[in-house]
Amino acid sequence: MIDLAIRGALVIDGTGAAGIVADVAVEGDRIVAIGGNIGVAREEVDAAGLTLAPGFIDAHTHDDRLILGGAEAMLCKLSQGVTTVIVGNCGISLSPVAFDSRPPAPLDLLGDARWWRFPSFAAYAAQLAEVPPAVNALALVGHMPIRIEAMGGDTGRAATSAEVGRMAARLAEALDQGGAGLSTGLWYAPGGGAERDELVALARCAAARNGLYVTHLRDEGNAVEAAVAEAIGIGVSGGLPIVISHHKCTAPENFGKSHATLAMIDACAAHHPIGLDVYPYCASSTVLRPEWVRPDIETVVSWSVPHPDRAGQSLAEIAAEWRVPLHEAAARLVPAGAVYFSMDEGEVRRIMAHRLTMIGSDGLPHDERPHPRLWGTFPRVLGHYARDLGLFPLETAVHKMTGLTAETFGISGRGIVAEGAYADLTLFDPARIIDRADFTAPTLLSAGVVATWVNGRLAYGEGQGVTGACAGRLLKRGS
């Protein structure tokens, strides 16, 4: 007798192929049979009229701290059908460096010094082994913590060869302990001082350990084409696969540049492995910086240390109330976070539809008023973009959040519904699935995700919420 039988669902297997109606059998943490006669099970699920897909893989998260918080903390992901998250993005990772005071922005997006308590990747991995997470996680090693450790507070310059050597040693140790690759956030001050030689040296260190190069580009606006060229050059020179994070072209004067950047990515893909991810919204969210605000781009405060009561308020309204310019209002609010309405819907759709584009939420779970992408990304792609707008078929949407992501990041046995694969599964109603979270109510549960299983265990059920099961694992690239 098998453990679980999911009967009569339209199975979309994650490869991009057309769905088929079939029964799926699960024993332990694996799918053991797919077909019309799979035998008797201890638990039966009638899935007629529903769609069964691989558990969604969130290609870009800042869940490094969130996965330490148990099942309830992961409701925002499990309720979307997400079973695996990629953490350590944008050059920000909760290990392998500990801090005894609040780290500089943007590292503080993960919290203050209380959370920066892992002096090695092994310590972080040990915590996840001792208290398993509710979802699986693949963890990148952030460039910024190791750069700050090697250079102190003086990160606005090029690193010396000795400092690059210290970074490389720390990176090598973390990768040997289970890290999946190097991530950079060259738009941010602690990483922005890095020059090509430093980045290529670290990329080669990661390549020697089967790692990836995952990057928040140096510029996503006026110089976005040069930034894409730089990322490609680093990855090719370093000899390792490239992932461009949350690809976008920000500010009205740059709308349309994705025609050129996507062509550059296609040209690279002809001879070198490269991928990219996107979130399905026209607003970004990160730390609030006075030099980034401008009157033609609406900015909404998502959190503020000195003025926590301002979360959810427009920066323009705050500035008007205080009778100060936008830049001065922003300076008074920091340390703070913000949502920037700086993108074009046509650009978002063009990038999302590209054959190499994965889906990533880039959610910031510790913001007081988070961007709704934290709670709504995956149902929004399936319901709004695939079903309602017809941007691509449902099978393509699922592929972008499962099989394509697993292949790009080297996650074996996941992202597909196949005999022998891990039983990470999501069951949803294709007619009802939709995001409910928006910028006024950003933490509303999505509709239509009926059930989510992680490694064969039910983790979420529609109407019941999280089950309390914590069957997730820290994954290693290629295994």
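Residues are numbered from 1 along each chain as its sequence is written. Because this is a predicted model, local features need pLDDT of at least 70, side-chain atom pairs count only at pLDDT 80 or more, and totals for chains, interfaces and linings use all residues, while side-chain values use heavy atoms, with hydrogens and water left out.

User: Which residues of helix α10 are called buried, and what makes a residue buried?

Analyst: Buried means under 20% relative accessible area, exposed over 50%, and partly exposed in between, with a 1.4 Å probe and protein chains only. In α10, which covers residues 315–322, Leu315, Ile318, Ala319 and Trp322 are buried. Seen down the axis of α10, these buried residues fall within an arc of 100 degrees, so they line one face of the helix; the arc is that of the directions from the helix axis to the C-beta atoms. The face turned away from the buried side carries the exposed residues Glu317 and Ala320.

User: What do the buried residues of α10 pack against?

Analyst: They pack against β15 (299–304) and α11 (326–333), where contact means heavy atoms within 4.5 Å.

User: How many residues line the largest pocket, and which are closest to its centre?

Analyst: The largest pocket holds about 560 Å³ of space, and of its 32 lining residues the closest to the centre are Trp187, Thr250, Ser284, Trp292 and Ser342. Lining residues have an atom within 4 Å of a point on a 1 Å grid, and a pocket is an open set of points with protein on both sides within 12 Å along at least five of seven lines.

User: What is the volume of the second largest pocket?

Analyst: The second largest pocket has a volume of about 310 Å³, a volume being the space filled by probe spheres set on the points.

Methods:
Helix = DSSP H or I, 4+ residues; strand = E, 2+ residues; numbered from the N terminus. 1 Å grid on protein atoms, 1.4 Å probe; cavity = no way out; pocket = protein on both sides within 12 Å on 5 of 7 lines; lining within 4 Å.
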